[in-house]
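Grab your viewer and work through them in order.

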Amino acid sequence: MPLYEHIFIARQDISPAQVEGLTETLAKIVTDNGGKIEKSEYWGLRNLQYKIKKNRKGHYSLFNISAPAAAVHELERQEKINDDVLRSLTVKVDVLDEEPSPVLSRRDRSDRDRGDRDRGDRDRGDRGDRDRGDRGDRGGYRGDRDRGDRR
């Protein structure tokens, strides 16, 4: 059977639980048409490069599919009908990757790195030496201008 990678983006204003339900619905479409979902990943709510239907963010999900072409066509048709799906992309591949996608592995790596960091010893440069109350000519005491007096 042909192998596909399929990504879809769902609207930002639906909850992750609703995205999970949408994912199950779309997976059922594939299985009902004689296909199989080999792997399903939820990448989370991510920023879009540009607005799509007034949305700045979207819930990303990935499917690795082993299915006949008719099942993928039906999946894409149903996504076009569904208002919760902003965009989708299907790519035919030679081999399905069993490992986590680069998006998930990068997020896991950055989470581990963030946990090791100590924010107390940041280099603040020259800003840490001066007094916050001393703003120079900008701001500070305005004198007579506050009262409206002209001298």
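Predicted model: local features only at pLDDT ≥ 70, side-chain atom pairs only at ≥ 80, totals over all residues.

**Exercise 1.** Find out how many salt bridges the model has.

*Solution.* Start from the cut-off: a side-chain nitrogen of Lys or Arg has to sit within 4 Å of a carboxyl oxygen of Asp or Glu. Apply that rule and you end up with five salt bridges.

**Exercise 2.** Work out which residues are linked with Arg 11 in a network of salt bridges.

*Solution.* First take the pair Arg 11 and Asp 13: their closest N and O atoms are 3.1 Å apart, so they make a salt bridge under the 4 Å cut-off. Next, bring in Asp 84, and you have the network of Arg 11, Asp 13 and Asp 84.

**Exercise 3.** Locate the salt-bridge partner of Asp 32 and say where the two residues sit.

*Solution.* The partner is Lys 28, with an N to O distance of 3.0 Å. Both belong to helix H1 (residues 16-32), four residues apart, which means about one helical turn lies between them. As for exposure, Asp 32 has a relative accessible area of 53%, so it counts as exposed, the cut-off being over 50%.

**Exercise 4.** Do the analysis again for Arg 77 and Glu 74.

*Solution.* The closest N and O atoms of this salt bridge are 3.0 Å apart. Arg 77 and Glu 74 are three residues apart in helix H2 (residues 69-81), about one turn. Arg 77 is partly exposed at 41%, and Glu 74 is partly exposed at 22%.

Terms used:
Residues numbered from 1 in each chain as written. Heavy atoms only, no water. Buried < 20%, exposed > 50% of the residue type's maximum accessible area, 1.4 Å probe, protein only.
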